[in-house]
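Colleague: I am new to reading protein structures, and I would like to learn how to go from the overall picture to the details. Could you take me through one?

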Amino acid sequence: MEVNIPKTSAVFAALLRADLTTQWRNRRSFVLVLLVPVIILISWKDIVDKLGGAFALSSCITIGLVAIGLMGYSNSIARDRDKGIFQRLRVAPVASWSIMASRLTVQLMMILLLTLLVFLAGFYIDHITLPVAGYLFTFFTAIIGGILYLGLGQVIVGLIQNPETVNSTSRLVYFLFIMVGMFGEFGILGEKVKQISLWSPYGTVKHIISAGMEPTTWNNEATMALLVAIGYAAVFSGVGIKKFKWNNK
Amino acid sequence: MQEQMNVLEVTGLNVYYGSFHAVKDISFTLRPGEIFGLLGPNGAGKTSTLSAVEGLLKPRSGTIVVAGFDMKEKPRHARAALGVQLQFTSFQPELKVGEIIQLYAGIYGVAMPADKLAGILQSIKLEDAADKKFGQLSGGQQQRVSLAIATLHNPTLVLLDEPTSGLDPQSRRQLWERMEVLREKGHTIILTTHSMEEAEAVCDRIAIIDHGAILVIDTPQSLIDTYRENPAVVSASRRGKITLEDVFIGLTGETIRS
């Protein structure tokens with residue numbers, strides 16, 4: 001008997017079109033993830049003057065990346081798994097990796113859009129300008145940082161099955177990362193916490209994004225932060241994929 | 001004349017969940033164009049057997065060959081020959097019915113121009129539902145969409161996991177008619193059900209499964225004829241006339257399963 005096996009590219013295109021439509025129709029979370037960093041940037045006008053444009057932009061992009069990975073990605077995966085959407089896709093002639101690759105591609109597009117919006121807000125509202133290489137390099141470092149947080153989101157949906165528990169856990173981790181990261185960075189929580197936060201997922205991502213905005217000042221410490229961020233991304237993705245179950249029944 | 005190839009061959013299937021032996025050495029075959037019912041109490045192993053056939057569960061041992069393709073060696077080919085309606089099927093709630101059909105058409109490599117999409121919606125009496133979201137449809141309408149998607153690519157074998165559970169009698173009758181239409185078009189159907197009425201109404205052959213093993217396989221009438229004198233079946237009978245339900249209760253016992 002003969003069967004029609006569709007091309008992987010055609011299957012991927014169909015999945016991506018559906019996932020982009022789903023993302024677009026989830027306007028509330030879509031706007032929230034993109035607007036929060038921009039609103040923070042607008043309200044930080046004084047900080048831009050004191051600490052510099054790179055500090056403000058990198059903080060806002062990092063906050064947006066944490067939201068995309070922890071709240072956007074992990075919650076949508078947990079919900080679709082709970083509703084059996086993945087199982088329905090997996091009984092079709094679809095490679096499992098292409099289901100996830102399509103989801104991740106949408107999130108990578110969100111990361112690029114977030115970075116672009118923060119740049120535009122920084123330019124028009126706070127008059128922050130970067131060298132062309134700085135803009136380009138920041139897109140690269142934002143993607144590295146984004147992969148790290150998508151990996152962390154994957155760990156959460158890998159270890160936790162219940163979508164409501166995933167939701168509350170991701171929110172908790174989101175606030176923990178941002179609060180400890182920001183207060184720790186300023187030394188408010190003591191020197192030890194400052195060192196930990198500098199090399200935490202929050203600190204390393206913020207560091208590489210900030211350093212990437214001014215490529216001429218890129219130094220060994222920035223390279224070290226980049227390597228640590230890649231290490232975090234690899235470990236989180238590895239654990240998240242290994243522990244992930246397509247079905248929570 | 002050359003004998004027609006079996007549409008599904010399940011041989012020595014064993015499925016475990018940890019140390020729990022859910023499916024025990026099950027073997028059966030499906031002939032082209034037949035409607036085959038898998039009946040059993042809750043937790044008997046029906047859905048586990050179907051999940052293994054669908055490729056969602058990895059069996060500990062045994063072989064599953066769909067339309068000539070071994071599920072272990074050629075899973076994409078085997079899945080392409082399958083049309084599946086899962087027990088708890090859901091589609092992305094943000095997508096409209098037309099978009100969901102387009103998505104699965106893309107996945108199965110089926111061209112879906114607007115007139116073909118309109119024809120599919122018309123055939124399931126949902127002409128005006130293309131722009132409705134799946135979650136806005138009634139249970140019966142969702143089942144019709146789900147079945148239309150399961151058969152978009154003209155699969156050799158259609159698997160329906162409790163397709164009429166939760167449907168009103170009208171929707172159930174309509175689904176049975178659709179199964180007959182599918183059979184007339186040459187599809188083979190395997191379904192799981194708790195409804196003896198459904199099994200008698202639509203199935204050519206049924207297998208009664210319990211504690212992970214197949215107890216009997218035959219036509220509904222042959223099962224009634226064979227077990228008519230069986231004491232357990234006679235004692236299960238409530239009105240003197242032996243029914244398929246009496247045979248089922250007689251063979252699987254009266255204890256309620258969780």
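Modeller: Gladly, and please keep in mind that this is a predicted model. Let us begin with the secondary structure of chain B, which has 10 helices and 10 strands. Its radius of gyration is 19 Å, close to the 18 Å that the globule rule gives for 258 residues, so chain B is as compact as a globular protein of that length.

Colleague: How many helices and strands are there in chain A?

Modeller: Chain A contains 11 helices and zero strands, so that its pattern along the sequence reads α-α-α-α-α-α-α-α-α-α-α. For its 249 residues a compact globule would have a radius of gyration near 18 Å, and the 19 Å of chain A agrees with that.

Colleague: What share of the residues counts as buried in chain B, and what share in chain A?

Modeller: A residue counts as buried when its relative accessible area is under 20%. By that cut-off, 53% of the 258 residues of chain B are buried, while for the 249 residues of chain A the figure is 51%.

Colleague: How should I read charges?

Modeller: One way is to count the charged side chains and then to ask how far apart the centres of the two sets lie. In chain A there are 21 positive and 12 negative side chains, with the two centres 12 Å apart, whereas chain B has 26 positive and 30 negative ones, with centres 3 Å apart.

Colleague: And how do I read a sheet?

Modeller: The strands of a sheet pair through backbone hydrogen bonds, in either a parallel or an antiparallel way. In chain B, an open sheet of four strands with antiparallel pairing has the order β2-β1-β4-β5, and its edge strands, β2 (20-30) and β5 (69-70), each pair on one side only. Strand β4 (residues 61-66) of chain B is joined to β5(B) by two bridges, and Val65(B) stands opposite Asp70(B) in β5(B).

Colleague: Which way do strands β6 and β7 of chain B run, parallel or antiparallel?

Modeller: They run parallel, and four bridges join β6(B) to β7 (residues 157-161); the bridge partner of Val84(B) in β7(B) is Leu159(B). From β6 (residues 82-85) of chain B, Leu82(B) and Val84(B) point one way and Gly83(B) and Gln85(B) the other, and all are buried.

Terms used
Residues numbered from 1 in each chain as written. Chains lettered and ligands numbered in written order. Predicted model: local features only at pLDDT ≥ 70, side-chain atom pairs only at ≥ 80, totals over all residues. Heavy atoms only, no water. Rg over C-alpha atoms; globule rule 2.2 N^0.38 Å. Buried < 20%, exposed > 50% of the residue type's maximum accessible area, 1.4 Å probe, protein only. Lys, Arg positive; Asp, Glu negative; His and termini not counted. Charge placed at Lys NZ, Arg CZ, Asp CG, Glu CD. Pairing = 2+ DSSP bridges.
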